[in-house]
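This briefing is meant to be read with the model open beside it. Please look through the sequence and the structure before going on to the notes below.

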Amino acid sequence: MEYLPNIIFAIILISGIGYFASNVKKLIRNIKLGHKVDANDNKSERWKNVINIALGQSKLVKRPVSGFLHAIVYVGFIIINIEVLEIIIDGLFGTHRIGLSVLPESVYGFLIGSFEVLAVLVLVSVIVFWIRRNVIKIKRFLSSEMKGWPKSDGNIILYFEVVLMCLFLIMNATDTTFQNMEAGNVISQFIAPWFNGLSEGTLSVIERSAWWLHVVGILIFLNYLYFSKHLHILLAFPNVYFGKVVPKGKFNNLEAVTAEVKLMMDPDADPYAAPPETSEDEVPAKFGASDVMDLSQVQLLNAYTCTECGRCTSECPANLTGKKLSPRKIMMDTRDRLEEVGKNIDANNGEFKDDGKQLLGDYITNEELWACTTCNACVEACPVSIDPLSIIVEMRRYLVMEQSAAPMELNTMMTNIENNGAPWPYNQMDRLNWKDEN
Ligand code: SF4
Ligand code: SF4
């Protein structure tokens, strides 16, 4: 029975990590439903982006208040969790503060003292975040797509962080060995007096309870990530790496279609010239995208990485002028549909069974797609290099090329280009008529 706590700890740890690993496997399977993307180009620029944008959070600090607070929560949370290493070793081997046996007391004290200061900074930042969401009610957190689960998710994660930080401080404050050491209890020394008068035994029960709850809380947090917008803590890095490194306005035009258009627009083009060579792989089975499987793996990774921060929507001119378009919703819809497809595959022994639904129509409407001005403001605003515009363009491509379902104005323009070589409804021969008008 002496080893019972260690056995229980090992079971909890293995179950927590095992469930997380199974969800990561599912996540990778779902992302792989998209088309492969060759990202072997510009490797140095990609790594530079990871360091600046994902690690350095360079785009977040463009809004200094939230950027600064986010940096504190991010850095604080990651660093404090280094302490989990000690917890795991203690839990598995029945030691107590193993760090003290391997590090000089002053170094250990400095580390835990820094963690305590960071814990308080995280607590303050999280409280400010909560006030911004629930008291000040910042506009970008109130859009229609932020009702229900997305709203609760934003708050749940804040409560999680408060609880974890408090447990960490209480654990230190009630640990008499640590308090007697008088090194590292920078913050917890002020909490310790709250427990004055309690017996050694009671203090130990409180310390052990905080310790267990802290470690279980971390494992719950880890597993909660998959169901939350906080998956970006992990995915921001690969997402930024695979992000667009060509100029933002450059589209991934289809070779064959581009050649046709050039032929149509260029009066000197040789209509009998051989068409550009295209391999079997280059001719898509379907033009554009109507469902998540038609998107690329990077676009699906984008969907899982979206933090639902709404920076894109808050800068979208279509949204700002009252149109029914929110680039954030485009990303949230893509993730929701991808999850739906993933569950369908799970329920049908690894095969997708047609459910009569798709991203286009059931999640994203034509009206939303055609409201986009393709200005790229959303791409520029996104702190984790997500490209909602590329999904919009792919779905528009499907509407135009597979369904001929472009808005009337666009159809007229395209017919004019086809017939007259220009968007206007005038014969090419009449182009210079204006000079005879007076
Ligand atoms: S590209 Fe489209 S979705 Fe993005 S900000 Fe501009 S109008 Fe909005
Ligand atoms: S796409 Fe980017 S900017 Fe828009 S909500 Fe998601 S993370 Fe925020």
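How are H7 and H10 oriented relative to each other? H7 and H10 are roughly antiparallel to each other, a label given to angles over 145 degrees. This is a predicted model, in which local features need pLDDT of at least 70 and side-chain atom pairs count only at pLDDT 80 or more, while totals for chains, interfaces and linings use all residues. Residues are numbered from 1 along each chain as its sequence is written, chains are lettered from A and ligands numbered from 1 in the order in which they are written, and side-chain values use heavy atoms, with hydrogens and water left out.

**Packing of H7 and H10**
- Helix H7 (residues 149–173) packs with helix H10 (residues 200–224) at an angle of about 150°, and their axes are 9 Å apart; axes are lines fitted to C-alpha atoms, for helices over the stretch in contact, and angles run from 0 to 180 degrees between N-to-C directions.
- Helices here are DSSP runs (H or I) of at least four residues, numbered from the N terminus.
- Among the residues that meet are Trp149, Phe160 and Leu164 in H7 and Trp211, Leu213 and Phe221 in H10, where contact means heavy atoms within 4.5 Å.
- The residues of this contact divide into 17 nonpolar, 2 polar and 3 charged; Ala, Val, Leu, Ile, Met, Phe, Trp, Tyr, Cys and Pro count as nonpolar, Asp, Glu, Lys and Arg as charged, and the others, Gly among them, as polar.

**Packing of H3 and H6**
- Helix H3 (residues 64–80) and helix H6 (residues 105–134) pack at an angle of about 140°, with 8 Å between their axes.

**Domains**
- The protein is divided into domain 1 (4–31 + 63–229) and domain 2 (255–420), with bounds that come from an automatic or database domain assignment.
- The contact between them takes 19 residues from domain 1 and 23 residues from domain 2.

**Surroundings of the ligands**
- Ligand 1 is surrounded by 13 residues, of which Cys316, Cys372, Thr373, Cys375 and Cys378 are the closest; a residue counts as near if one of its heavy atoms lies within 4 Å.
- The shell around ligand 1 divides into 10 nonpolar, 3 polar and no charged residues.
- Around ligand 2 there are 13 residues, and Cys306, Cys309, Gly310, Cys312 and Cys382 come nearest.
- The shell around ligand 2 holds 8 nonpolar, 2 polar and 3 charged residues.

Note on methods:
Helices (H or I, at least four residues) and strands (E, at least two) are DSSP runs, numbered from the N terminus. Angles under 35 degrees count as roughly parallel, over 145 as roughly antiparallel, 65 to 115 as roughly perpendicular and the rest as oblique.
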